[in-house]
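Okay everyone, thanks for coming. Let me put the structure up, and then I'll walk you through a few spots.

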Amino acid sequence: MLIKTQSQGYVHPVASDITPLTVYQSRRDLIRLMATGAAGAALATWAGREALAQSWVAPGQQAALARAKTSVAGALSMEKVTEYKHASTYNNFYEFGTDKADPARNAHTLKTSPWTVEIEGLVKKPGRYALEDLLKLSAQEERIYRLRCVEGWSMVIPWVGYSLSELIKRVEPLGSAKYVEFVTLADPKTMPGVGARVLDWPYVEGLRLDEAMHPLTLLAFGMYGEVLPKQSGAPLRLVVPWKYGFKSGKSLVKIRFTDRQPATAWNKAAASEYGFYSNVNPEVDHPRWSQATERRIGEDGLFAKKRKTLMFNGYEAQVGQLYAGMDLKKYF
Amino acid sequence: MTSAAIVGLLPRTKHWGLHPLAKPLVFVLALLPLASLVWAVVFDQLGANPAQALVRATGDWSLRMLCVVLAVTPLRVLTGSPALARFRRMLGLFVYFYVLLHLLSYSGFDMGFEVADIAKDIAKRPFILVGFSAFVLLTGLALTSFNRAIKALGGKNWQRLHRVVYLVAGLAILHFYWMRAAKNDFADVLVYAAVLLLLLGWRALRFINK
């Protein structure tokens, strides 16, 4: 039967099914041409915004990943996108070494296929989900998010994925589920950093269920229009744009629904320095450094002043209500 | 030790260290790290976060120069080459030079030259305090590295004062250790600590055996 009911799951068409890649790209070229003023001043302003939103070039490093435009509020930053060469070489992924350059050097050993994600705990539909099925579970979208690292630097990255809520709705959490725990891969054979004494392995992160259900919380499979490079957390990772980057676990293997707050990796390593929430907050300093400012990688010149860090990384309008009435100094 | 005194102590064959070009050569060599950093800035070779790369690189070179200057006396004694003493002051001032670059990089790139912010940071972060203390101590040594200052202090006092560099070595290692403690990654710290321990240990043994 051609008509599909809700329970069978509606498969959204992806952009690439509708628009051939070459047509899509030539449209982008046209917009860029317009932005340069060739089409007249009146259109240039509008086109400039469009061109800015697409100011990066597909790096051609990984397989292309089709994606549609997002309708999620706040999910398309208009800021200048960080260059791919920076986003893919300046990484914190301690499983491959603690130096920022280590992941790009060492992550080639990671085997991303076959890959399954185990859904367990307080859900109606636990089980092992194959990557192929997860990729198709919902329409992938492009989301341009600011990424703020707890260390005081930031990037703007065009991710590809869908809201984690799509997956959560599909597996039907029980009423008793209050938190979601994310377990990432810890394979000493392919990850030279696993075994270093800096953290307990595997790396575990967690969110409150309502945080996990927020439409901005992204299950990402790609960036810059392509499949995630291994050093960025292939084949799938979390992106929670209003929290410090370490909350966004890479190379996920398990998603567990629980009724108690998960013991997260950095919190276990240094509870006074890294709280469970770890929302970006310029008013709550890290015990060892200020969080009031940040350096935008590749953009703020060597002698430029660092930029001010925004409350909830600039996503306060979208996520502020999640923390209404909470003392954010206490729940940092 | 003045040049005349050194010449008096020399064996008959002329040491390379006494060649008129030896000092300029060492001077140029000590500037090579700076040249490599300038090169890297100009040709954008410092990666995604050049500011941080410069803060770290100037810190690394401060430590390396400290090791070099503390190696002068052991080398002089062990190889019987009094001429090496000619380079000690210049190398010591190069330690200060790289430490100054390190401090300037931190103050400028990390703190935007905001004095109030720097003061707060020194109070807040013990490893910054330790690093800054080392800088203050080295400033005292740099300011007394002129012939007139040595004369005014008197040789014995001057020598006593300049033993503060041993304390600076300890502070520098503590500063580096603390910086790396967040990542529990001490491989590099251990290398520098071992070298400095060797250089200071040699002095301690010599003092005991006197």
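Two residues are in contact if their C-beta atoms, placed from the backbone, lie within 7 Å. With that, leaving aside its neighbours within four places in sequence, A:Tyr315 is in contact with A:Gly74, A:Leu216, A:Pro241 and A:Trp242.

Quick housekeeping: this is a predicted model, where local features need pLDDT of at least 70 and side-chain atom pairs count only at pLDDT 80 or more, while totals for chains, interfaces and linings use all residues. Residues are numbered from 1 along each chain as its sequence is written, and chains are lettered from A and ligands numbered from 1 in the order in which they are written.

Back to A:Tyr315. Buried or exposed? A:Tyr315 is buried, because 24 other C-beta atoms lie within 10 Å (buried takes 20 or more, exposed 12 or fewer, partly exposed is in between). And A:Gly74 sits 241 residues away along the chain, yet the two C-alpha atoms are separated by 7.1 Å.

Now the contact between the chains: chain A brings 17 residues and chain B brings twelve. On the chain B side, that's five nonpolar, four polar and three charged (nonpolar means Ala, Val, Leu, Ile, Met, Phe, Trp, Tyr, Cys and Pro; charged means Asp, Glu, Lys and Arg; the others, Gly among them, are polar).

The model scores ipTM 0.76 and pTM 0.81.
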